[in-house]
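Have a look at the model, then read on.

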Amino acid sequence: MSEPTGDLTQAPLASPGRRLGWFLMHVLYEGRALHGNRIPRTGPVIVISNHSAFLDGPVVFCLAPRTLHFLVKSAYFSSAWGAVLRKMGQIPIDQHSADRRALMAAKATLERGDAVGIFPEGHRGGGTVEAAEQGAAWLALQTGALIVPAATLGTRGTSGDTDTWPRPRGRIRVVFGEPFAIRPFEPVSGRERLRLATEQLRSRLAAHVQASVGETGMGLPAARPGGDD
């Protein structure tokens, strides 16, 4: 079970944190967001991204054009960064269980008209989105939120390990895709509807990642052992 999320409407560090992160992305790296206009500026939105490196979450959070409340590995909230993450409005989630508290906090965030960020793969890998957990699809079905796929590229170091950081001034790109809604699957059972929605979400994100590789000319890293978030 995740730790208490607190009041996500009170996130005093979200805006200053994003501004600082944006500055660092442009000073330490050649970080850019492409097609940020594809994220609706208002209303409930779920941004889903591929996940290949530790830096993915901070990069998407800082380069997105609106504040995202990310589902973040709960272990990070017990570290020195825990208080900062809470004040930035991030949501702790236990990856090793069906964390109802985290999902309900994300659902309430979307019902409030805010935006949530999720890595559907659930862990770092090669970034190709070969599989997806069901949380993002469940939230979309429950709230009707639009989904925006994001391809995160260039966030891993040259060694290939998922814990490594890219070299200074290296290219980092977050490419946002066209928003889409989960199409209705009727008449099927709730469990089958969730399975179909999850596969629709996974395939759309995987296709967007491949298209973004072609658009940017930046390759995906090979899957290598590393962190598990």
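At 43% relative accessibility, arginine 169 counts as partly exposed, a class that lies between buried (under 20% relative accessible area) and exposed (over 50%), with a 1.4 Å probe and protein chains only. This model is predicted, so local features need pLDDT of at least 70 and side-chain atom pairs count only at pLDDT 80 or more, while totals for chains, interfaces and linings use all residues. Residues are numbered from 1 along each chain as its sequence is written, and side-chain values use heavy atoms, leaving out hydrogens and water.

Arginine 169 has a positive phi although it is not a glycine, and so does histidine 35. Most residues other than glycine have a negative phi. The table sets out both.

| Residue | Phi | Loop | Relative accessibility |
|---|---|---|---|
| Arginine 169 | about 65° | between strand 6 (146-153) and strand 7 | 43% |
| Histidine 35 | about 65° | between strand 1 and strand 2 (45-49) | 27% |

Helices (H or I, at least four residues) and strands (E, at least two) are DSSP runs, numbered from the N terminus.

Now to helix 1. Which of its residues are buried? They are Ala14, Gly17, Arg18, Gly21 and Met25. These cover an arc of only 95° around the axis, which puts them on the same side of helix 1; the arc is that of the directions from the helix axis to the C-beta atoms. The face turned away from the buried side of helix 1 carries the exposed residues Arg19 and Leu20. Among the elements covering the buried residues of helix 1 are strand 1 (30-34) and helix 2 (56-63), where contact means heavy atoms within 4.5 Å.
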